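Subject: Structure handover

Hello,

Here is the structure we talked about. Please open it alongside this note; the findings follow below.

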Amino acid sequence: MSVNRAKIWREFKDYSIITISMLSYCIGWSVFLLPNNITTGGVAGVSSILEWCPLGIPAQWSYFSINAVLLLIALKVLGWKFCVKTIFAVVVLTTALQIIRSYTPETPLLHDQPFMAAVLGSVFCGCGIGLCLSNHGSTGGTDIIAAIINKYRDVSLGRIIMLCDVVIITSSYLVLRDWERVIYGYVVLYITAFCLDQVVNSMRRSVQFFIISEKYEEIGKRINQDPRRGCTVINAQGFYTGRETKMLFVLAKRRESAKIFQLINDIDPQAFVSQSAVIGVYGEGFDHFKVKHRVPKPIK
């Protein structure tokens, strides 16, 4: 029962944060970028170009239609598990676009400061995408194309997405006839990628502790209880004193550092503690192993 509750709570949290992230993306795109004729990458960029062209197709409808086609292909190629949260994100973003655009003023914000509009819009978009990806979601578009290509070809996902985005932003010149706006699009691409990395990496950062204390058993038990992290006891010896001692090795999320320091201080203020950042931690309670499973080809 507790496992089911934990799973339900985890799914509820994911969908709640995906909703918030899509609202952030929607504000950046519909309030700052789209009204100021500044394009971005992915399907959002294609939708922007279709709205600016003589056809004048509303961005929210072309965005939904293109993603619907890509998702139908992804359902067959990648499976339902990949698509369910992407479908939710696309629906939320399309709905939010329709609502927000109906209340935005005719004169866009920062219409006389396009560079600031590009910066603010890309920050909202980048943070939104980062939150979405950190909670197992996706905004669809070029993410789907990259995932499909990556399944059959050993090509970097980031390289595919970057190539698609550069082509889309450059092609906006065919409609806008303004290289300055195209350059702003490249600025949006860079800042969005930077904000995305900052959000994703900050939520996944981990730290490791080496703790030397006479009360290592009590400290270990408290760490096991809250923040519910495992501890490894290492036999150590002081070089100067030659005395045998016990050392705790702990891996935890960076946000749990303050709690660990506090409980160590409550139990043994004289403890010797070393904390350092780690690049990646994989396994139970942390990230999943990033390993490509290849099916061996039959020998003919």
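At what angle do α2 and α3 pack, and how far apart are their axes? The angle is about 135°, and the axes are 8 Å apart. Axes here are lines fitted to C-alpha atoms, for helices over the stretch in contact, with angles running from 0 to 180 degrees between N-to-C directions. That angle makes α2 oblique to α3. (Under 35 degrees is roughly parallel, over 145 roughly antiparallel, 65 to 115 roughly perpendicular, and the rest oblique.) On the α2 side, the contact is made by V43, A44, V46, S47, L50 and E51. On the α3 side, A59, S62, Y63, I66, N67 and L70 make it. Contact means heavy atoms within 4.5 Å.

Before the rest, some ground rules. This is a predicted model, where local features need pLDDT of at least 70, side-chain atom pairs count only at pLDDT 80 or more, and totals for chains, interfaces and linings use all residues. Residues are numbered from 1 along each chain as its sequence is written, and side-chain values use heavy atoms, leaving out hydrogens and water.

Overall picture

The protein has 11 helices and 4 strands. These are DSSP runs numbered from the N terminus: helices are H or I with at least four residues, strands E with at least two. Of its 300 residues, 40% count as buried. Buried means under 20% relative accessible area, exposed over 50%, and partly exposed in between, with a 1.4 Å probe and protein chains only.

Cores

The largest nonpolar core has 34 residues. Such a core is a set of buried Ala, Val, Leu, Ile, Met, Phe, Trp, Tyr and Cys residues joined through side-chain atoms within 4.5 Å. Helices α1, α2, α3, α4, α5 and α9 each supply at least two of its residues. The largest share, 7 residues, comes from α4. W29 is among the residues with the most contacts inside this core. Setting aside residues up to four places away in sequence, W29 touches A44, S47, A59 and Y63, among others. A second, separate core has 14 residues, including I211, I264, I267 and A271.

A loop residue

D226 sits in the loop between α10 (216-225) and β2 (231-237). Is D226 buried or partly exposed? It counts as partly exposed, at 41% relative accessibility. Beyond its neighbours within four places in sequence, D226 is in contact with K259 and L263.

Best wishes
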